[in-house]
Amino acid sequence: MSSFIIRKTIQLVFAFLVLVGISALPGLIVQMRPDFPGYFKMVQQQLGLLTTSAPLTYYNVTASEKRPLMPDLQPFIQETLVIFTSALICSSVVALLYAFLFYRTGSKTRSILTQSARLLEMIPDLFWIIVSQSIIVFLFKTTGFNKIEIAGGFADSIRFLPILTLSLTTVFFFIKWLTGRIQEEQSASYLELARAKGIHSSRLFWQQLMPNLFYRFYLFFRTNTITIMSSLVVIEYAFNVQGLFRFILINQDFSVLLVLLLLIYVPFFILDTVAELCIPRSWKGEIS
Amino acid sequence: MRRVLLRDPVFWMCLLFFGTLLILSFANSVFRDGQVDQIQNLYSKDGTFIATSPLEPSAERWLGTDRSGNDLFQVMIEGAKWTIGICVSIAFARIALALLIGIPLAFRKKRLYTVLRLLLDGFLIIPISLIALFVLLPAFQFIDPAQIPSTLSRVFLEISVLTLLGLPALVLYFIGETRQLLAQEFMLVARTLGGRPDYQFRIHIWPHLLPTLTIVFMQQFVQTLMVLIHLSLFGLFFGGTLVLFEGNAAPTIFEWASQFGYYFFQFTAVSWINHLFLVPAIALALLVFFANLLTSRLERAYRLRRQQISSSTPSLAEAEAATAHLSHPFDPVDISIKS
């Protein structure tokens, strides 16, 4: 346990240093040339921000003044968190149900499901945004239905379309991985044995197959977080969501960038640690 | 894998799409000096004023014109080589650099890989488009058109930054992939026989890595295109943004993603869906779609090849059964391949 704590602490310290280095990158290019002394000065400045006890401030473009970062940022963090977690839950549930359906169907239906999922997976996030906005506008023009917002405002939060589009982007991603693994695992000996014992296919899926795929699914999700985050950036921008990424796109400040990087990294670090500690060893493919 | 691809009509269709675009685009540069026709106002034969730009799509101008009067079909043709060229260059540069850095590191001890993973972990969750925007925006916004640096220097710098930002994830991927190959039995034999790392790589690793590289190349192509689209939406066009009056901005190159961002601003401000916005949007959608389709065909060919290899390798039971049925012990073993 102590070696685990030491390893995780070293990882956190290294990650903080790397994130400080990334947050100082905007100072690297000055007038189309790399400026390394300027970059290192920026790194020092960012390190100073981390070590200082004074509250962090940023330049608010709308108010044209320096303001304390923390109370201002809180509603934006909340909005991003709501959209990200809702979309993640929605897409995971839909992908799991799809995978169950895929597992139980015959080869012909499987082929149709695979082809259609593959086709939809090729559509990039931006086009889901445009299509969803177009459908809502078309719906409004033809039926007068105006309950769904197509863009947020400073006081109004927009949730439905951002969650829907982010879910659509991620769900095909998840589906592709899950169906691929199901096809791989289907002929595994432990499933053959369970089938021979007469265990029902739905029980086989939820109690045998899914626990074995859970940890690998988590690892897949972690390696593809960058793609989901990129989609979230553009969704927040296009729908005018009052979220964290929109906040940084408007207030392009070094301190905001550093805080944003930490706000993204730390929850994932905690999640990784919890996953490492809590997921049973047998689910990770190890001998319990 | 090559044989499967050569017989795949979808693969050829994708190549035809990319090839036609590139040929038309380069032909426009060679034969028309990269010119794009401009029509500000449209007059009838007797000189009567008919319409002003932006003109709707018609038989004469297939995709219509934009507000500046540029023929959108010609804009798209001229821009194709930029968009495809940039994505190809960045994908190629990333893969080449990642191989150069990753392969020698893969031959080192596992501890180095763990340390590298630890160091680059931060890079694996940060959206590239956001960091690229912060790095490039201060240097790539121009107010005076006369002060814009040469196209070559701008393109080189932007390609370099976008290449380097995507590099850490790819280096880690190649180290992992090569280490997995190095753990295979045939590599253990190659090492036992005294093969040097460069020999092991050339003879054993490279042929196994090559099919994966083609898939990774197409993935990087699409990822770069998406970053370019995202950046242009944030107001940073490829090759720099020319800041105009009243907060407007214009691209300096007829590149597709930049055109999309440029017309997107006009679309949100002025009218609902129009041809100005739809033309680059559909063009980009097609490009992403065909690139993804090409990737999926490559993946399919790779999968089929792996299935062929695994089904042609006899199991121990099959080998024993085949040996037991030999009429002559020195006859070659004939094992039927599973379908």
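Met76(B) is in contact (C-beta atoms, placed from the backbone, within 7 Å) with Leu63(B), Trp256(B), Val279(B) and Ala283(B), leaving aside neighbours within four places in sequence. This is a predicted model: local features need pLDDT of at least 70, side-chain atom pairs count only at pLDDT 80 or more, and totals for chains, interfaces and linings use all residues. Residues are numbered from 1 along each chain as its sequence is written, while chains are lettered from A and ligands numbered from 1 in the order in which they are written.

**Nonpolar core**
- Met76(B) is among the residues with the most contacts inside the largest nonpolar core, which has 129 residues.
- Others on that list include Leu261(A), Ile131(B) and Leu284(B).
- Helix H3 (72-106) of chain B gives the most to this core, with 15 residues.
- Domain 1 (1-54 + 253-288) and domain 2 (75-250) of chain A both give residues to this core, so it lies between them.
- A nonpolar core is a set of buried Ala, Val, Leu, Ile, Met, Phe, Trp, Tyr and Cys residues joined through C-beta atoms within 7 Å.
- Domain bounds come from an automatic or database domain assignment.

**Helix H5 of chain B**
- In H5 (128-136), 9 of the 9 residues are buried, so the helix is largely enclosed by the rest of the structure.
- Buried means 20 or more other C-beta atoms within 10 Å of the residue's own, with C-beta atoms placed from the backbone.
- Helices (H or I, at least four residues) and strands (E, at least two) are DSSP runs, numbered from the N terminus.

**Sheet in chain B**
- An open sheet of 3 strands runs in the order E3-E4-E5, with mixed pairing (at least two DSSP bridges between strands).
- E3(B) and E4(B) run parallel, joined by 2 bridges.
- Gln141(B) has Thr241(B) as its bridge partner in E4(B).

How values were computed. Buried ≥ 20, exposed ≤ 12 C-beta atoms within 10 Å, placed from the backbone. Contact = placed C-beta atoms within 7 Å.
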